[in-house]
Amino acid sequence: MLKSKQVGFLGSGNMGEALIVGLLHGHLCRPEQILCSDVRSERLKAIREQYGVRTTSHNPEVVKQSDIVVLAVKPQIMKQVIEEVAKHFDLTKLIISIAAGVPLDAIESCARKELKLIRVMPNICVSVREGVSAIAGGKHASKEDLMMAKAIFDSVGKSILIEEYLLDAVTGLSGSGPAYIFLIIDALADAGVKVGLSRTDSLVLASQTVLGAAKMLIETGEHPGKLKDMVTSPGGTAIAGLHTLEQGGVRTTLINAVEVATERAKYLGEMMKNNLVNER
Ligand SMILES: NC(=O)c1ccc[n+]([C@@H]2O[C@H](COP(=O)([O-])OP(=O)(O)OC[C@H]3O[C@@H](n4cnc5c(N)ncnc54)[C@H](OP(=O)(O)O)[C@@H]3O)[C@@H](O)[C@H]2O)c1
């Protein structure tokens with residue numbers, strides 16, 4: 001699907017590198033099809049040497065030479081970068097933004113032209129190719145463009161297609177979700193230490209339990225409630241633990257956390273939009 005495409009990255013940090021690894025590992029691209037830029041020359045040197053991709057410190061060059069451009073700089077830098085490269089954007093190029101909270105219409109306003117845009121909200125787990133990404137197409141993005149974006153983000157985990165207005169909710173759930181799970185694993189490891197296990201053993205037990213439970217859910221396709229019932233025997237240990245979790249309001253707390261993070265994403269998105277659109 002991407003065999004005849006040139007793929008460019010504006011920004012080659014954590015996310016840019018993760019996507020480069022996915023593209024190469026998934027054999028979606030050969031190294032010579034990828035051109036990436038960054039402000040840090042040592043970063044570009046490292047990426048060039050490790051993956052054999054082409055690099056440049058000149059952002060406009062990336063846009064000029066690419067069919068697909070991934071905007072992978074921090075949201076605060078987006079305005080500066082879009083203004084730097086906008087004159088080379090046109091409707092033949094697919095532009096994929098992964099900048100958290102930056103709406104598609106703000107990118108077009110900043111570029112002062114109509115663009116073929118896709119906005120994606122990935123999460124940090126793309127760095128171990130187990131990320132999950134939500135993909136929203138702009139008005140000029142075709143089905144084929146969306147399929148290309150899906151192929152790119154499936155190479156670093158899984159992806160879903162979604163309407164743009166739902167991306168704040170995605171940010172609250174899966175975008176911020178790794179932080180929730182790290183906290184849960186840390187808390188479970190504390191619990192292991194409390195009941196006499198070493199910290200090292202506790203962390204192995206807690207993290208592999210989370211991984212295994214998620215894998216079981218995904219592979220069986222069963223409802224989580226059914227799997228919970230399967231491991232809960234009458235008068236047993238799991239139901240005693242579950243009772244305590246419910247007393248502590250774990251379900252309500254998680255719902256509240258996702259809700260408040262979604263609201264925060266909405267608020268930050270508005271700020272970002274004002275920054276891109278108003279401050280010229
Ligand atoms: N990390 C996540 O979990 C996550 C999740 C979802 C979405 N995102 C989005 O992904 C995007 C990239 O995040 P990241 O974590 O990969 O950030 P990052 O590691 O900071 O990568 C951005 C790279 O761009 C470089 N850069 C700065 N100014 C530039 C410019 N003018 N031209 C070209 N490159 C420039 C940065 O260099 P310096 O470090 O020297 O500034 C850095 O190497 C962000 O918009 C973020 O919102 C990230």
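The protein chain has 12 helices and eight strands. These are DSSP runs, numbered from the N terminus: helices are H or I with at least four residues, strands E with at least two. The model is predicted; local features need pLDDT of at least 70, side-chain atom pairs count only at pLDDT 80 or more, and totals for chains, interfaces and linings use all residues. Residues are numbered from 1 along each chain as its sequence is written, and side-chain values use heavy atoms, without hydrogens and water.

Along the principal axes, the C-alpha atoms fill a box of roughly 70 × 40 × 35 Å. Of the 280 residues, 42% are buried. Buried means under 20% relative accessible area, exposed over 50%, and partly exposed in between (1.4 Å probe, protein chains only).

Now the surface. Ile181, Leu183, Ile184, Leu188, Leu245, Val250 and Leu254 form a nonpolar patch with about 560 Å² of accessible area together. Patch residues have over 30% relative accessible area and no salt bridge; nonpolar side chains (Val, Leu, Ile, Met, Phe, Trp, Tyr) are joined within 5 Å, like charges within 9 Å. A salt bridge is a side-chain nitrogen of Lys or Arg within 4 Å of a carboxyl oxygen of Asp or Glu. Areas come from the Shrake-Rupley method with a 1.4 Å probe; for residues, only the protein chains shown count as cover.

Helix α8 (177-194) and helix α12 (250-277) each supply at least two patch residues. The largest share, four residues, comes from α8. Leu254 is found in α12. Leu254 counts as partly exposed because its relative accessibility is 39%.
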